[in-house]
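Thanks for asking me to look this one over.

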Amino acid sequence: MLRWLRCLHRPRLVIWRSGSSYVARMRYLVKLKGDDEACSAALRAGRLFLYHKLRPLLMRAEGGRHRPLDMKTTDVEALLEKLGQQKERVRESVLVGCTETWVPQFCLDVGTLEKCAVERLCGGEFVDLRKAFFLLRGHDVPHMARGRALLHWHQTHGFCSASGEPTVKNQAGSQRVCQGSGHTYYPQMAPVLIVLVSDGSRCLLGRQAAFPRDMYSALAGFCDMGETMEETLRREVAEEVGLEVETFQFASTQHWPYPQSSFMLACHATVNPQRCQVSVDKVELEDARWFTLEEIQEALRRASAPQAPGGGPPVFWLPPSFTIAHQLVQEWVRQQTAGV
Ligand SMILES: [Zn+2]
């Protein structure tokens with residue numbers, strides 16, 4: 001029987017800044033999603049982030065970091081015309097947000113244009129998003145991930161799955177409607193459970209064969225149709241490492257744009273230290289094993305993937321700090337060292 005762990009971690013207290021500006025901006029955005037005319041006007045006054053085959057356009061910023069390059073709509077129209085395309089293509093853009101100063105933000109994939117020509121004219125570089133995560137400042141990461149995910153959803157939902165007829169997006173890109181059946185499709189995320197299992201003194205990390213070399217992470221799996229989060233967690237841990245979860249606690253969530261668009265539900269869980277023998281499902285995982293607090297702390301001190309030591313023991317590393325798996329590990333270390 002699963003129990004909620006009420007004492008393992010303090011409940012996360014989220015404090016939002018009070019004031020009417022957030023409410024007003026959210027109501028502005030929802031109006032743009034429902035009103036094509038208003039959204040077209042917003043597009044005229046907004047800023048566009050370009051992608052090329054889902055790679056965001058970045059430019060170098062101070063301090064060796066990069067930042068997303070946002071452009072005026074009129075500048076993108078001029079760019080399209082210069083490269084032989086119709087400027088009306090800006091209407092293929094999708095709404096992704098609005099700045100605190102009420103500037104609407106859109107994303108547009110210009111993958112049909114020659115990549116180098118766009119880069120030359122814009123003074124930026126299209127960078128694979130996984131690489132971009134390491135180059136961008138933290139607050140730019142979710143923004144670029146959201147744009148990629150929404151653009152990808154539109155690129156793969158051009159036809160109705162019931163009638164096979166083309167679907168057409170609204171101006172904001174918040175939905176697509178089948179021209180034959182009238183069925184409305186909304187962008188979707190697949191729920192994925194990610195869990196850091198502990199036996200009280202160690203934590204369990206695994207690696208899939210597709211992971212970067214020597215990287216270990218928390219266990220993760222898609223929620224099956226009809227499952228609760230608790231059922232997914234219990235099933236995934238049983239399937240992947242052959243352990244029975246005794247307690248768990250929800251931690252936080254994160255959107256992740258891969259493999260298509262995932263809604264990561266992060267949890268901590270414990271197993272009985274008397275029954276913690278790992279039995280790895282080799283179809284799902286290449287390896288999974290227990291790590292001590294000292295091993296985890298040492299891995300957290302490594303900023304990046306370790307250099308392969310000549311003949312030394314294998315050195316593992318953790319997912320980077322912007323990932324929810326890393327946050328779970330950090331929380332576990334804080335819990336283990338609390339009061340020490
Ligand atoms: Zn249809």
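1. Through how many residues does a hairpin join strand 15 to strand 16? The link takes five residues. These two strands pair in the antiparallel sense over 10 bridges, and His255 has Phe263 in strand 16 as its bridge partner. Here, strands pair if DSSP finds at least two bridges between them. Helices (H or I, at least four residues) and strands (E, at least two) are DSSP runs, numbered from the N terminus.

2. A word on the source before going further. This is a predicted model, in which local features need pLDDT of at least 70 and side-chain atom pairs count only at pLDDT 80 or more, while totals for chains, interfaces and linings use all residues. Residues are numbered from 1 along each chain as its sequence is written.

3. Now the overall picture. The protein has nine helices and 17 strands, and its C-alpha atoms fill a box of roughly 65 × 50 × 45 Å along the principal axes. Of its 340 residues, 30% count as buried; that label calls for 20 or more other C-beta atoms within 10 Å of a residue's own, with exposed meaning 12 or fewer and partly exposed in between, and C-beta atoms placed from the backbone. Among contacts between residues at least 6 apart in sequence, 64% join residues at least 24 apart. A contact means C-beta atoms, placed from the backbone, within 7 Å.

4. The largest nonpolar core has 35 residues, and Ile194, Val195, Val197, Ala218 and Val237 have the most contacts inside it. A nonpolar core is a set of buried Ala, Val, Leu, Ile, Met, Phe, Trp, Tyr and Cys residues joined through C-beta atoms within 7 Å. A second, separate core of 34 residues includes Leu29, Leu69, Leu95 and Val127.

5. Leaving out residues up to four places away in sequence, Val197 touches Cys203, Leu204, Leu219, Val237, Leu243, Ala269 and Val271.

6. Please check some backbone details. Most residues other than glycine have a negative phi, and most peptide bonds are trans. Tyr258 and Pro259 are joined by a cis peptide bond, with omega about -10°, and Pro259 sits in the loop between strand 15 and strand 16. Leu54 has a positive phi of about 75°; this residue is in the loop between strand 2 (47-52) and strand 3 (55-60) and is partly exposed, with 18 other C-beta atoms within 10 Å. Trp102 has a positive phi near 65°. Its place is the loop between strand 6 (94-98) and strand 7 (104-109), and Trp102 is partly exposed, with 13 other C-beta atoms within 10 Å.

7. Which residues of helix 6 are buried? They are Met144, Ala145, Gly147, Arg148, Ala149, Leu150, Leu151 and Trp153. Helix 6 (residues 140-155) has 16 residues and reaches 23 Å from first C-alpha to last, close to the 22 Å expected; the expected span is 1.5 Å times one less than the number of residues.

8. Finally, three strands form an open antiparallel sheet in the order 9-10-11. Strand 9 (167-169) and strand 11 (184-185) are the edges, each pairing on one side only. Three bridges join strand 9 to strand 10 (residues 176-178), and Thr167 stands opposite Cys178.

Terms used
Two residues are in contact if their C-beta atoms, placed from the backbone, lie within 7 Å.
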